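The sequence and structure are shown first, and the description follows.

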Amino acid sequence: MDKKEKIRDHFELEAQEFDEIIRKLIPYYEQMLKALTASIPFGKGEKISVLDLGCGTGTIAKKVKELFPNARISCLDLAKNMVEMAKIKLKNFEDIQYYVGEFEHFEFPEKYDVVVSSLALHHLVTEKDKIHFYSQIHKALNQNGVFYNADVVLGSNSHLQDLYMKKWVEYMKRNVPEEEVESKWMKTYEEEDSPAKLMDHIEWLKKLGFADVDVVWKYYNFAVYGGVKL
Ligand SMILES: C[S@@+](CC[C@H](N)C(=O)[O-])C[C@H]1O[C@@H](n2cnc3c(N)ncnc32)[C@H](O)[C@@H]1O
């Protein structure tokens, strides 16, 4: 089974319990998402078009809709079951479109004012894939559109990386049995995730022409960062 199939199977199986699990595994998940949505620089009533990449169960799209009730949101995810959960969570909201598909083959069907993503883009495997996808996002943004990503990242040297992993494992062990952290969640991280250094992401975004590139929020190896297309 290749990496992509593994990731798809993982999220297809986990969809029902995802909302419970993610809060046990990701430190300050809610705070991180607040920083992500607070970065969107539009007025409450504006009819912005938003793309949520790797929407999962629709948590970010719901938060965006609560902040921007007139937003039109497109939700993309690889796992059908995650999208089905998102449909349930978002059933009371209008103007939401769903796409089941992969980042790598997504043909951005329109231009967006906002592209957001949370805990999903680290699944792009190589540096080349990541930079290419960032360039696609840049192309798909309207002028003054923004891209913000909340994600797991790597530290800039091995001391920092060891510290980040220690802090992350400490957090998980407070919420799930110690044995499960090692045998399940660390294994999943090693087999499925391909994070890159935060400072590399920042450089890639700048090189691709994003302006005002910034790190909005950070807790060890979790960060919210992005920029503007002028
Ligand atoms: C950890 S979940 C995060 C879900 C949601 N964004 C959140 O923060 O609650 C990652 C999501 O990314 C999706 N995903 C992973 N790789 C993908 C790919 N190559 N194309 C599209 N979606 C992908 C998974 O199916 C999963 O739903």
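## Glutamine 161

Glutamine 161 belongs to helix α7, which covers residues 158-175. Helices (H or I, at least four residues) and strands (E, at least two) are DSSP runs, numbered from the N terminus. The model is a predicted one: local features need pLDDT of at least 70, side-chain atom pairs count only at pLDDT 80 or more, and totals for chains, interfaces and linings use all residues. Residues are numbered from 1 along each chain as its sequence is written.

Is glutamine 161 exposed, partly exposed or buried? Glutamine 161 is partly exposed, because 17 other C-beta atoms lie within 10 Å. In these terms, a residue with 20 or more other C-beta atoms within 10 Å of its own is buried, one with 12 or fewer is exposed, and one in between is partly exposed, with C-beta atoms placed from the backbone. Apart from neighbours within four places in sequence, glutamine 161 is in contact with Leu154 and Gly155; contact requires C-beta atoms, placed from the backbone, within 7 Å. Tyrosine 148 is 13 residues away from glutamine 161 along the chain, and their C-alpha atoms are separated by 23 Å.

## The sheet

Seven strands form an open sheet of mixed pairing, in the order β3-β2-β1-β4-β5-β7-β6. Two strands pair if DSSP finds at least two bridges between them. At the edges are β3 (96-100) and β6 (211-219), each of which pairs on one side only. From one strand to the next, the twist averages 15°; axes are lines fitted to C-alpha atoms, for helices over the stretch in contact, and angles run from 0 to 180 degrees between N-to-C directions.

Strand β7 (residues 222-229) pairs with β6 in the antiparallel sense over 6 bridges. Tryptophan 217 has valine 224 in β7 as its bridge partner, and tyrosine 219 has phenylalanine 222. β6 and β7 form a hairpin with 2 residues between them, and tyrosine 220 in the turn has a positive phi of about 50°. β7 also pairs in the antiparallel sense with strand β5 (residues 141-152), over 8 bridges; phenylalanine 147 has glycine 227 in β7 as its bridge partner. Of the 8 residues in β7, 7 are buried.

Helix α4 lies across β1 (49-53), β2, β3 and β4 (112-118), and runs at about 175° to β2. Helix α5 (residues 80-89) also packs on the sheet, where α5 touches β2 and β3 and makes about 170° with the direction of β3.

Helices α1 and α8 (residues 178-192) pack at an angle of about 140°, with axes 10 Å apart. This angle makes α1 oblique to α8; angles under 35 degrees count as roughly parallel, over 145 as roughly antiparallel, 65 to 115 as roughly perpendicular and the rest as oblique. Lys3, Lys6, Ile7 and His10 in α1 meet Thr188, Glu191 and Glu192 in α8.

## The ligand

The ligand is surrounded by 20 residues, of which the closest are Gly54, Gly56, Leu78, Ser118 and His123. The elements giving two or more residues to this shell are α1 (3-14), α4 (59-67) and β2 (72-77). A residue is near a molecule if its C-beta atom, placed from the backbone, lies within 6 Å of it.

Technical notes:
Two residues are in contact if their C-beta atoms, placed from the backbone, lie within 7 Å.
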